[in-house]
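User: I'd like to learn how to read the packing and pairing in a structure like this one. Could you walk me through it?

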Amino acid sequence: MYPARFHYEAPSTVDEVLQLLAMYQGEAKVMSGGMSLIPLMKLRFASPSCVIDVNNIAGLDYMDESGGRLRIGALVRNRTLVRSEVLRARYPLMSSLAPQVADPLVRARGTLVGSLCHADPQGDWGAAMLAMGGEVVARSTAGERTIPVRDLLLGPFQTSLRPDEFAVEARVPGPSGEPFGMYYKLERKVGDFATVGVAVFLDRNGGSITKAGIALTGVGSTNIKCVDAEQALLSGGLTDAGIDAAARLAAEAAKPQTDQRGSAEYKRHLVRTFVVRALQTATGREPIDIRQRRFERVASLV
Amino acid sequence: MEVRQISVTINDETRLVEVEPRMLCVHMIREVVGLTGTHLGCDTTSCGACTVLLDGVPVKSCTLLAVQTDGHELTTVEGLGWPSELHPVQEGFKEEHGLQCGFCTPGMMLTVTALLEDNPDPTEDEIRWAISGNLCRCTGYQNIVKAVQWAAKKMAAERTSVSA
């Protein structure tokens with residue numbers, strides 16, 4: 001399958017990207033990993049006049065933790081995130097999620113920022129960003145703005161990025177206390193999109209929860225942030241009642257549809273089950289389950 | 001029609017190739033350069049039959065534009081070895097019957113070669129994890145795992161004999 005014809009640009013600076021985007025007025029697409037854009041173009045679901053390949057821009061593959069936040073450049077690939085010591089030490093939700101994105105070959109190219117901009121309702125990173133309160137930094141010839149991922153993801157493949165904007169960076173707040181995070185993903189086979197994905201994030205100080213984040217993948221028109229479930233955790237804590245309420249409210253927040261991956265009822269049930277499992281692991285009373293442990297065992301290699 | 005001239009090093013040989021921007025890397029390798037060891041399977045980023053090494057990292061060449069390889073290095077199965085001089089990974093697949101129809105094999109071997117570069121002594125879990133982006137419908141993977149273990153052992157022995 002060949003994409004439709006397009007003009008190809010591979011600039012070496014961010015400024016050139018911004019000028020091209022301004023010039024093409026919505027007819028150009030930025031390509032980083034290309035793991036979603038190229039398949040879409042092959043299927044002719046997308047046929048931009050111009051593809052702006054940003055892979056030749058030096059210095060966009062940075063990860064920098066300073067000033068209480070982690071900055072992730074637009075060219076940081078999933079493969080790098082899987083292997084990142086910083087994530088393993090301080091961003092457990094991201095380090096749990098990274099090895100579950102697609103497969104090793106796709107992770108070698110695909111990027112976190114690209115995934116967010118693609119806004120696939122089954123994209124995994126959106127859930128982590130919603131749970132942790134992540135942001136995206138967007139630049140255009142008119143200037144720069146920071147968009148909370150909550151406001152970025154509008155619907156299936158729709159974001160609040162303007163056509164002339166280039167998302168150069170994602171940001172996540174650093175933990176202030178003892179962080180906990182886990183991403184549960186059910187997939188039919190390795191590399192499949194999520195049947196259901198559940199991201200759970202906690203920041204704790206002493207015994208109390210200072211931040212709680214729960215967000216979902218694959219059960220709505222975009223990733224869903226479960227605000228009520230988060231509130232239930234903040235007020236109820238990791239008690240049996242608190243966990244039960246959070247799981248129930250997260251399942252209620254899901255808007256699953258019946259499809260080839262399962263019935264709506266099944267998916268809603270999975271949300272509830274995964275929230276319970278993650279939170280029970282957070283209490284330390286339940287051991288981490290065998291499938292998650294396998295990710296930990298092999299994650300350093302892929 | 002927009003045509004770009006790119007310079008790409010394939011199996012240590014640098015070539016000037018003319019490609020349309022929409023040409024996929026796998027088509028350049030097979031149809032322009034004529035190296036047909038790289039297979040095109042699903043054409044949808046799922047199966048990994050088209051795996052090649054891009055600067056040493058395994059990627060799916062059906063989901064990469066040929067023009068993106070300008071200034072980069074590709075390794076295809078032809079760059080691994082030849083019948084008279086097989087790469088240990090190729091020998092392993094032969095010795096342990098790591099293939100049946102052979103369609104996934106070139107991609108599988110390139111993924112495995114990169115794995116063994118990174119991790120010369122992988123566990124079975126690590127092997128299965130590393131090849132999880134390459135589908136095989138014949139072997140049930142069992143003999144592929146054995147082939148990788150065979151190759152790891154052979155390469156370890158070669159390293160020892162070189163250093164001795």
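Analyst: We'll go through domains, sheets, helix packing and the chain contact in turn.

User: Before that, what kind of model is it, and how is it numbered?

Analyst: It's a predicted model, where local features need pLDDT of at least 70, side-chain atom pairs count only at pLDDT 80 or more, and totals for chains, interfaces and linings use all residues. Residues are numbered from 1 along each chain as its sequence is written, while chains are lettered from A and ligands numbered from 1 in the order in which they are written.

User: Into which domains is chain B divided?

Analyst: Domain bounds here come from an automatic or database domain assignment. Chain B is split into domain 1 (4-79) and domain 2 (88-163). Taken over C-alpha atoms, the centres of domain 1 of chain B and domain 2 of chain B are 22 Å apart. Their contact draws 16 residues from domain 1 of chain B and 11 residues from domain 2 of chain B; residues are in contact if their C-beta atoms, placed from the backbone, lie within 7 Å.

User: Which elements give two or more residues to the domain 1 side of that contact in chain B?

Analyst: Those are β3 and β4 of chain B, and β3(B) gives the largest share, three residues. Helices (H or I, at least four residues) and strands (E, at least two) are DSSP runs, numbered from the N terminus. By class, that side of domain 1 of chain B has eight nonpolar, eight polar and no charged residues. Ala, Val, Leu, Ile, Met, Phe, Trp, Tyr, Cys and Pro count as nonpolar, Asp, Glu, Lys and Arg as charged, and the others, Gly among them, as polar.

User: How do I read a sheet, and what is the strand order in chain B?

Analyst: Strands of a sheet pair through backbone hydrogen bonds, either parallel or antiparallel. Two strands pair if DSSP finds at least two bridges between them. In chain B, five strands make an open sheet, ordered β2-β1-β5-β3-β4, with mixed pairing. The edges are β2 (13-19) and β4 (57-60) of chain B; each has a single partner strand, so one side of each lacks a neighbour in the sheet. From one strand to the next, the twist averages 40°.

User: In which sense do β3(B) and β4(B) pair?

Analyst: Strand β3 (residues 51-54) of chain B pairs with β4(B) in the antiparallel sense, over four bridges. Leu54(B) has Val57(B) in β4(B) as its bridge partner.

User: What about strand pairing in chain A?

Analyst: Strand β4 (residues 63-66) of chain A and strand β5 (residues 69-73) of chain A are antiparallel, with four bridges, and Met63(A) stands opposite Ile72(A) in β5(A). Two residues lie between the strands of this hairpin, where Gly67(A) takes a positive phi near 60°. β5(A) also pairs with strand β10 (residues 166-173) of chain A, antiparallel over five bridges. There, Ile72(A) stands opposite Ala170(A) in β10(A).

User: On to helices. At what angle do α3(B) and α5(B) pack?

Analyst: Two packed helices are described by the angle between their axes and the distance between the axes. Axes are lines fitted to C-alpha atoms, for helices over the stretch in contact, and angles run from 0 to 180 degrees between N-to-C directions. Helix α3 (residues 105-118) and helix α5 (residues 142-163) of chain B pack at about 45°, with axes 11 Å apart. That makes α3(B) oblique to α5(B); angles under 35 degrees count as roughly parallel, over 145 as roughly antiparallel, 65 to 115 as roughly perpendicular and the rest as oblique.

User: Which residues meet there, between α3(B) and α5(B)?

Analyst: From α3(B), Met108(B), Val112(B) and Leu116(B) meet Ile144(B), Val148(B), Ala151(B), Ala152(B) and Met155(B) of α5(B). The contact of α3(B) with α5(B) has eight nonpolar, no polar and no charged residues.

User: And how does α2(B) sit against α3(B)?

Analyst: Helix α2 (residues 88-95) of chain B packs against α3(B) at about 125°, with axes 9 Å apart. These two helices, α2(B) and α3(B), are therefore oblique to each other. Val89(B), Gln90(B) and Phe93(B) of α2(B) touch Thr105(B), Met109(B), Val112(B), Thr113(B) and Leu116(B) of α3(B). By class, the contact of α2(B) with α3(B) has five nonpolar, three polar and no charged residues.

User: Finally, how many residues does each chain bring to the contact between chain B and chain A?

Analyst: The contact takes 26 residues from chain B and 26 residues from chain A. On the chain B side, β4 and α4 (124-130) each supply at least two residues.

Key. Contact = placed C-beta atoms within 7 Å.
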